[in-house]
Amino acid sequence: MLRLLVAAAALLVVVLALLAGCHGHTSRHRALLPRSNAPGGGAAAGARIADLVITGAPAPSSAQRLYPGTRGDVALSVRNPNPFPVTLRAVRLPAATVYADGFADATLREPKPDCAATTPSRVAWVDKDSPASAHTFSRTVVVGAKATVLLIVRDAVSMETTAPTACAGAFFKMPSFAGVDAAVGGVPAGGPVTVTWRG
Amino acid sequence: MSQADHMPTRGRRLTRRTKIVAFLVGALMVATGAAASNWIVGLSAGSSGEAQSGTIANLTITTSVPGANADVLYPGGPGDVVISITNPNKFPVTVTGFNLPTNTTYANGYTDSALTTAAAACSAATPSTVSWAFSTATSGSAHTLTSPLVVAATGAANNPLVVTLSDDAAMGGTAPSGCAGLWFKMPSFTGVVATAGGGTVTTSPATSGWTS
């Protein structure tokens, strides 16, 4: 039994050492990693890292709807095209005073002319006045390899009191995000996932 | 004891050891995999989300019994009207005015406050000459309340909101004597001027009305 414990401890030390070595050589920048050309060292391939794709998704019936002067929930379909999991921690918002376009259908194909971003719809991201800062989720969201997760962000959207009546009963395509804070790795927990964000 | 007799015991030892090592390695992988790495992932251009707004349901206005202090109608004089406004929406609604029927649209008289027993000698067709004050010959004339009414969201306190419309009923000077001591069901509003949202919810019962 003692031999077994010693062997397990040794294995643990070796694996940790290997992992520490790997971390020491990874780039902090998103990049196409070059293939190794080290002579006699064999060939290894670094992974290409593809961008996450976030699209609008019909929110579940439990999601908070928008009314003039209130906040509502937003539904995000987060797709990870990579063959490894990705952890999403935060999003960055677009410039201030960018409003959403209203649509008559959940698939966002039939625009509502009197409830467009240029009307304006008066529907925007909460904290849109601080677009440069990352808005961190209340918990990390791990999207599995080549998987998609439905993400509900509570109270992330606001409708101003001056929103036109034509915006009642509409679906909104929110202004595009300026970026995300995401990294390779993590253990997927499945979905859908509900979070809030901190400005 | 033969070599074969030792095999099952050795097999059990290997199986147990294999299980322990596999457990340790698995636990280690899970532990290290729980954290994201330093490899940064970007976002595809145009990435966005979807939100949805709620629909708007109409307010419901019903009659309510005037209190003992309400102004009652006499020929040629005004009287109070009491209404109950129900807001079925999930948000408060601010009412700023009403649209009235024509000034020749009259109320029906009843002998009871529940408005169940009609007074034959004091109906709209008689006519009772009881109509909305400041109504005109044009149906749909708009009349602004002296103070806006904020009706709470459905399920909240003060919804329905009982409102006394001060002196907003009128009885003509030619009203028949059969209209004395009755309750009147006022002609239906043709519309309401209301918007979603509002400030402080109006406490029930409230008093408002129009004066022109």
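**Briefing: chains A and B of a predicted model**

The secondary structure of chain B comprises one helix and 12 strands, where helices (H or I, at least four residues) and strands (E, at least two) are DSSP runs numbered from the N terminus. This is a predicted model, in which local features need pLDDT of at least 70 and side-chain atom pairs count only at pLDDT 80 or more, while totals for chains, interfaces and linings use all residues. Residues are numbered from 1 along each chain as its sequence is written, and chains are lettered from A and ligands numbered from 1 in the order in which they are written.

**Confidence in chain A**
- Chain A has an average pLDDT of 79, and 73% of its residues score at least 70; pLDDT is the predictor's confidence in each residue, from 0 to 100.
- Where pLDDT is low, the predicted coordinates should not be read in detail.

**Make-up of chain B**
- Along the sequence, chain B follows the pattern α-β-β-β-β-β-β-β-β-β-β-β-β.
- Of the 212 residues in chain B, 27% are buried, a residue being buried if 20 or more other C-beta atoms lie within 10 Å of its own, exposed if 12 or fewer, and partly exposed in between, with C-beta atoms placed from the backbone.
- Among chain B contacts between residues at least 6 apart in sequence, 82% join residues at least 24 apart; two residues are in contact if their C-beta atoms, placed from the backbone, lie within 7 Å.

**Nonpolar core**
- The largest nonpolar core has 78 residues, of which L52(A), V78(A), V123(A) and V130(B) touch the most other members; such a core is a set of buried Ala, Val, Leu, Ile, Met, Phe, Trp, Tyr and Cys residues joined through C-beta atoms within 7 Å.
- Strand β7 (residues 148–159) of chain A supplies the largest share of this core, seven residues.
- Not counting residues up to four places away in sequence, L52(A) touches residues including V78(A), L88(A), V41(B) and L43(B).

**Backbone features**
- A cis peptide bond, with omega about 0 degrees, joins T119(A) and P120(A), and P120(A) lies in the loop between β4 and β5 (123–125) of chain A.
- In chain B, T126(B) and P127(B) are joined by a cis peptide bond with omega about 0 degrees.
- D155(A), in strand β7 of chain A, has a positive phi of about 50 degrees although it is not a glycine.
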